[in-house]
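I opened the model today and kept short notes. Here is what I looked up, entry by entry.

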Amino acid sequence: MPVDTTPTRAARRPVLTRLLRDRRARFALPVLAAVVLAAAASPLISARSRATDTERLLAGPSGRHPLGTDELGRDVLARIVDGATVTVAVATVAVGAALVLGTLLGLFAGYRGGWLDAVLMRTVDGLLAFPLLVLALTVVAALGPGLRNALIAIAVVTTPRFARVVRAEVLSLRTREWVSAAHIVGLPTPALLRRHLLPHLAGTLFVFAALQASTAIIAEASLSFLGLGVQPPQPSWGAMVAAGTDHLDASWSLSVFPGLAILLTIAAFNLLADALRDALDAHRPDLTPAR
Amino acid sequence: MTGYLLRRVAQLIPVLFIVSVLLFVLLRLLPGDPTTSILGQEASAADRAALRADLGLDAPLWRQFVDWIGGVLTGDLGSSWLTGEPVAGVIVDRLPATVELGLIALLLAVAIGIPAGVLAAVRRRTATDHALTGIGVLALSTPHFYLAALLIGVFAIWLRVVPPSGYVPFTEDPAGNLVRMVLPAVTVGSTVVAVVLRQTRGSLLAALGEDYIRTAQATGIGRRRIVTVYALRNAMVPVVTVTALQIGALMSATVVTETIFTLPGMGTLIVNGIFSRDLPVVQGAVLVVVTFVLLVNLVTDLIYAWLDPRITY
């Protein structure tokens with residue numbers, strides 16, 4: 001059966017252009033940009049997010065407090081903006097650390113094979129057997145509550161996932177001709193991995209990182225909700241929903257808005273991952289035989 | 001098949017061993033002296049030393065690990081540092097609530113997710129499909145604690161149709177038990193529904209594109225029969241697998257959900273154990289949860305191999 005390998009016109013467009021034409025990305029990118037902007041603005045707003053308006057406790061939305069106030073009379077909008085710092089830290093620091101560490105482990109385990117691979121992958125299996133939040137809770141139990149430890153816990157639970165995905169990709173790539181050729185000409189392993197394997201992993205890693213960011217943000221918010229993540233007075237969206245849950249009969253808005261911030265951010269990462277996957281896939285020549 | 005089964009069970013043993021080592025080492029990193037949290041700040045050094053010896057904390061780490069594993073293998077998970085009760089007994093008391101919550105959530109997910117997925121697939125690229133797929137993305141993006149807060153707000157506080165939290169054992173008051181389980185089960189099931197929906201839609205669409213469907217159409221069989229009998233049966237295999245693989249996520253969800261609805265299950269046991277630094281309880285409860293997840297994964301693999309004879313053992 002003849003296989004048409006000429007890329008379609010849509011596929012010849014650069015990935016970024018394709019991404020910007022995708023409706024899911026058009027929703028996701030502005031939402032994520034808003035979260036980053038909020039985090040950047042947090043030093044300006046942190047005084048306001050800590051100020052208490054004792055006249056108005058658990059107030060609903062008003063001109064003075066657009067999203068209402070919490071049980072101490074603090075402005076909910078200011079606290080949501082301030083709390084974006086935590087979310088951005090989770091998506092960049094924790095997921096970034098897991099991405100780097102997991103990729104390195106997966107590259108070496110997959111390329112080298114042998115006992116190193118066996119030991120690493122059994123450990124990864126062991127870590128992946130824990131339900132994500134249960135492992136994060138266990139790590140926090142060991143290290144104690146707080147933002148820094150929550151970030152470490154999330155990096156610990158996310159690293160094995162990256163290692164697993166990267167290793168699987170490397171196993172299928174390492175038998176390709178260009179890899180064998182690089183090996184035969186005597187290229188040192190680190191250079192070979194960096195120049196001849198890593199570039200082919202980039203697409204998978206971007207998509208996977210976006211998905212893991214959404215999982216990581218849920219995990220941090222859950223830890224903070226349970227009181228084991230970010231500690232007061234620093235605001236975090238998860239802890240704000242928790243405070244709202246305690247005062248549900250007095251204020252409907254207190255848990256609704258911070259929760260909405262979490263929901264929109266997670267939805268943005270999920271949709272961005274879907275859009276990115278499609279944009280990258282279409283860029284490859286379509287090898288499905290014409291029917 | 002027997003060989004495959006034995007090999008899979010044998011593979012489980014090193015993973016379980018690594019899990020227990022990781023769990024043990026992680027929890028021993030705990031800073032501070034556990035005797036302080038049990039006896040309080042004012043306890044004398046002698047009392048503390050006596051307690052340490054009592055709890056076996058004066059032995060070297062490897063010795064403590066061997067003692068713990070030895071106990072685990074004979075069904076003894078140690079005793080709670082706070083209450084002195086055997087951990088195994090506490091876990092047995094806590095299991096019914098978690099198992100019930102998980103089962104109802106799973107039933108809900110399958111009962112809603114599969115028909116919704118079928119509907120989305122047969123109405124592909126219509127408003128119905130877009131709406132269902134959109135609800136799926138929304139459900140996957142809503143943290144369980146947020147959904148729980150919204151559900152409590154609407155159904156328990158605003159409409160007052162269900163109690164906001166609490167638990168009655170099914171054996172004491174079946175109706176009261178089920179009424180209190182509705183919101184927690186919907187919360188836990190929400191993400192599973194979305195996963196089941198996506199997978200059903202995807203595999204049904206793939207199945208409908210197969211040659212045998214075209215053949216069936218050519219013989220004049222009705223569309224309804226083609227979808228429900230011919231395509232759905234084959235599309236169900238990956239749905240079963242993907243649903244079963246959600247068991248880990250389901251356990252994560254129950255931890256948060258039980259805490260909000262104050263259900264006396266494994267989740268609240270772990271969270272409270274962490275707050276009170278009751279190490280033997282946390283260690284035992286997490287080990288039971290992880291073992292359960294691994295066993296479900298194993299059974300899933302075996303069912304998969306049994307359902308699909310093309311898989312070579």
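**Entry 1: one residue at the boundary.** I looked up the contacts of A:V134, leaving out residues up to four places away in sequence. A:V134 touches B:M251, B:S252, B:V255, B:I270, B:V286 and B:V289. Two residues are in contact here if their C-beta atoms, placed from the backbone, lie within 7 Å.

**Note on the source.** This is a predicted model, where local features need pLDDT of at least 70, side-chain atom pairs count only at pLDDT 80 or more, and totals for chains, interfaces and linings use all residues. Residues are numbered from 1 along each chain as its sequence is written, and chains are lettered from A and ligands numbered from 1 in the order in which they are written.

**Entry 2: where the chains meet.** I found 38 residues of chain A in contact with 39 residues of chain B. On the chain A side, α5 (114-129), α6 (132-143), α9 (189-225), α10 (237-246) and α11 (253-283) each give at least two residues. Helices are DSSP runs of H or I with at least four residues, strands are runs of E with at least two, and both are numbered from the N terminus. The largest share of this side, nine residues, is from α6(A). I sorted the residues of this side of chain A: 25 are nonpolar, ten polar and three charged. Nonpolar means Ala, Val, Leu, Ile, Met, Phe, Trp, Tyr, Cys or Pro; charged means Asp, Glu, Lys or Arg; the others, Gly among them, are polar.

**Entry 3: the core.** The largest nonpolar core has 160 residues. Such a core is a set of buried Ala, Val, Leu, Ile, Met, Phe, Trp, Tyr and Cys residues joined through C-beta atoms within 7 Å. Buried means 20 or more other C-beta atoms within 10 Å of the residue's own, exposed means 12 or fewer, and partly exposed lies in between. Which members touch the most others? I noted A:V90, A:V134, A:A136, A:L137, A:I154, A:L272 and B:I270. Helix α4 (residues 76-112) of chain A gives the largest share of this core, 19 residues.

**Entry 4: chain A overall.** I counted eleven helices and zero strands in chain A. The C-alpha trace of chain A spans about 75 × 50 × 35 Å along its principal axes. Of the 291 residues in chain A, 46% are buried. Among contacts in chain A with a separation of 6 or more, 72% join residues 24 or more positions apart.

**Entry 5: a cis bond.** I checked omega between A:P232 and A:P233. The value is about 5°, a cis peptide bond. A:P233 sits in the loop between α9 and α10 of chain A.

Entry 6: Helix α7 of chain B covers residues 144-158. At 1.5 Å a residue, its 15 residues should span 21 Å, and the end C-alpha atoms are 20 Å apart, which agrees. The expected span is 1.5 Å times one less than the number of residues. I also found a kink of about 30° in α7(B), centred on B:I152. The bend is the angle between axes fitted to the seven residues ending at a residue and the seven starting there. Buried residues of α7(B) include B:H144, B:F145 and B:I152.

Entry 7: Most residues other than glycine have a negative phi. B:R160, which follows α7(B), has a positive phi near 55°. Is B:R160 buried or exposed? B:R160 is exposed, because 9 other C-beta atoms lie within 10 Å. Phi of B:R277 is also positive, near 55°. B:R277 lies in the loop between α12 (266-275) and α13 (279-307) of chain B. B:R277 counts as partly exposed, with 18 C-beta neighbours inside 10 Å.
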